[in-house]
Amino acid sequence: MKPELRGDAIVQEIAIHAPATRIFEALTDPAQMVAWWGVEGRFQAEHVESDFRPSGRWLMRGVGMSGRPFIVRGEYREIDRPRVLVFTWLPDWQQDGLETLIRIELEEIGGVTTVRLTHSGFARDSSRASHQGWPQLLDRLRAYVEL
């Protein structure tokens, strides 16, 4: 499952056999995020802080390749539980230091939820290329919530 590239954006979609409310909680609860946010051998979240409200800030600390620590931070822009989550994304490994935007849309039909992630606002192709882990991350989310 390769991400679709559209202009300055990465778009990824996945079907998950779980209610939208369950998926939304896994996407927003710091303890749950630490449990699934990572890709074996590439990166793993270790700590998440969240002021979960519009304009609230969030921060994730973790370990990347070769044990290198990382920090990602941002601000919640839109929260429409359990359908839409929009937040900014600013990782410390990104060279241009520009904040990008992540929009996650959840649509549940008959117990199956389509999760559509759009990560936009990349200034350069190299910045977008450093964020190609979304398919694997969404697979981890699916495995976590379908248990």
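Two strands pair if DSSP finds at least two bridges between them. Helices (H or I, at least four residues) and strands (E, at least two) are DSSP runs, numbered from the N terminus. This is a predicted model, in which local features need pLDDT of at least 70, side-chain atom pairs count only at pLDDT 80 or more, and totals for chains, interfaces and linings use all residues. Residues are numbered from 1 along each chain as its sequence is written, and side-chain values use heavy atoms, with hydrogens and water left out.

**Overall layout**

- The chain has 4 helices and 9 strands.
- Along the sequence, the elements follow the pattern β-β-α-α-β-β-β-β-β-β-β-α-α.
- Of its 147 residues, 43% count as buried. Buried means under 20% relative accessible area, exposed over 50%, and partly exposed in between (1.4 Å probe, protein chains only).
- Contact means heavy atoms within 4.5 Å. Among contacts between residues at least 6 apart in sequence, 47% join residues at least 24 apart.

- Strand β5 (residues 57-64) runs antiparallel to strand β6 (residues 69-80), with 7 bridges joining them. Trp-58 stands opposite Gly-74 in β6.
- The hairpin of β5 and β6 has 4 residues between the strands, and its Ser-66 takes a positive phi near 60°.
- β6 pairs with β7 in the antiparallel sense over 6 bridges. Glu-78 has Val-86 in β7 as its bridge partner. A hairpin of 3 residues joins β6 to β7.
- Strand β7 (residues 84-91) pairs with strand β8 (residues 100-109), also antiparallel, over 6 bridges. Here Val-84 has Glu-105 in β8 as its bridge partner.
- β8 continues the pairing with strand β9 (residues 112-120), antiparallel over 9 bridges. Glu-108 stands opposite Thr-113 in β9.
- The hairpin of β8 and β9 has 2 residues between the strands, and Gly-110 there takes a positive phi near 60°.
- In a regular strand the side chains alternate between the two faces of the sheet.

**Nonpolar core**

- A nonpolar core is a set of buried Ala, Val, Leu, Ile, Met, Phe, Trp, Tyr and Cys residues joined through side-chain atoms within 4.5 Å.
- The largest such core has 33 residues, of which Ile-23, Trp-37 and Leu-141 touch the most other members.
- Leaving aside neighbours within four places in sequence, Leu-141 is in contact with Ile-16, Ile-23, Ala-26, Leu-27 and Trp-36.

**Cavities**

- On a 1 Å grid over the protein atoms alone, a cavity is a set of points where a 1.4 Å probe fits but cannot get out; lining residues have an atom within 4 Å of a point.
- Grid points are joined across faces, edges and corners, and a volume is the space filled by probe spheres set on the points.
- The count comes to 2 cavities of 30 Å³ or more.
- The largest cavity has a volume of about 80 Å³. Its lining is Leu-27, Met-33, Trp-37, Val-48, Trp-58, Tyr-76, Leu-85, Phe-87 and Ile-104.
- The lining of the largest cavity divides into 9 nonpolar, no polar and no charged residues. Ala, Val, Leu, Ile, Met, Phe, Trp, Tyr, Cys and Pro count as nonpolar, Asp, Glu, Lys and Arg as charged, and the others, Gly among them, as polar.
- The second largest cavity holds about 40 Å³ of space. Its lining is Leu-27, Trp-36, Trp-37, Ile-104, Leu-117, Trp-134, Leu-137 and Leu-138.
- The lining of the second largest cavity divides into 8 nonpolar, no polar and no charged residues.

Conventions. 1 Å grid on protein atoms, 1.4 Å probe; cavity = no way out; pocket = protein on both sides within 12 Å on 5 of 7 lines; lining within 4 Å.
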